[in-house]
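Open the model in your viewer and keep the selection tool ready. Each stop below says what to select and what is there.

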Amino acid sequence: MWQDEILDEIHKIREEHAKSFNYDLDAMFADWQKKQAESGREIVSLPPKHALTMRWSRPSKGDDFSVQE
């Protein structure tokens, strides 16, 4: 079976990170947030794409999706 060296390296890094926090997701997440804050990069939150929310979300009570002629 073909193996991707880059993916293998990513999996190794993720495993080492998880192991260093004893597989505690809360601690891992806190570490990622700390690194993100220390990076100095601007964090951008984009609104969800309408097409995706329409497909996977149920209509709200006020939404009218009936076909108009």
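Helices (H or I, at least four residues) and strands (E, at least two) are DSSP runs, numbered from the N terminus. This is a predicted model, in which local features need pLDDT of at least 70 and side-chain atom pairs count only at pLDDT 80 or more, while totals for chains, interfaces and linings use all residues. Residues are numbered from 1 along each chain as its sequence is written, and side-chain values use heavy atoms, with hydrogens and water left out.

**The whole chain**

Begin with the cartoon view. The protein chain has three helices and zero strands. Along the sequence, the pattern reads α-α-α.

Now colour by pLDDT, the predictor's confidence in each residue, from 0 to 100. The chain averages 83, and 72% of the residues score at least 70. Where is confidence lowest, and where is it highest? Helix α3 (residues 50–56) is lowest, at a mean of 60. Helix α1 is highest, at 96.

Switch to a surface view. The chain exposes about 7400 Å², and carbon and sulfur atoms supply 55% of that area. Accessible areas come from the Shrake-Rupley method with a 1.4 Å probe; for residues, only the protein chains shown count as cover. Buried means under 20% relative accessible area, exposed over 50%, and partly exposed in between (1.4 Å probe, protein chains only). Of the 69 residues, 6% count as buried.

**Helix α1**

Select residues 5–20, which form helix α1. The expected span of a helix is 1.5 Å times one less than its number of residues.

Go to the start of α1. A side-chain oxygen of aspartate 4 reaches to within 2.9 Å of the backbone nitrogen of isoleucine 6.

Stay on isoleucine 6. Is this residue buried or exposed? Isoleucine 6 is exposed, because its relative accessible area is 58%.

Glutamate 15 is partly exposed, at a relative accessible area of 40%. Which side chain does glutamate 15 join in a polar contact of 2.3 Å? The partner is tyrosine 23. A polar contact is a pair of N or O atoms within 3.5 Å; within protein, one must be able to donate a hydrogen and the other to accept it, and residues adjacent in sequence count only if both atoms are side-chain atoms.

**The loop between α1 and α2**

Select asparagine 22, which lies in this loop. Just after α1, asparagine 22 takes a positive phi of about 55°. Most residues other than glycine have a negative phi. Asparagine 22 is exposed, at 64% relative accessibility.

Then take tyrosine 23, which lies in the loop between α1 and α2. Tyrosine 23 has a positive phi of about 60° although it is not a glycine. At 46% relative accessibility, tyrosine 23 is partly exposed.

**Helix α2**

Select residues 25–39, helix α2. The 15 residues should span 21 Å, and the end C-alpha atoms are 21 Å apart, which agrees. At the start of α2, a side-chain oxygen of aspartate 24 comes to within 3.1 Å of the backbone nitrogen of aspartate 26.

Zoom in on aspartate 31 in helix α2. Aspartate 31 counts as buried, because its relative accessible area is 13%. A polar contact of 2.8 Å joins the side chains of aspartate 31 and histidine 17.

Now show lysine 35. Its side chain meets that of aspartate 31 in a salt bridge (3.4 Å, N to O). A salt bridge is a side-chain nitrogen of Lys or Arg within 4 Å of a carboxyl oxygen of Asp or Glu. The structure holds one. Lysine 35 and aspartate 31 sit four residues apart, about one turn of the helix. An α-helix has 3.6 residues a turn, so residues three or four places apart point the same way. Lysine 35 is partly exposed, at 45% relative accessibility.

Finish at glycine 40. Just after α2, glycine 40 takes a positive phi of about 80°.
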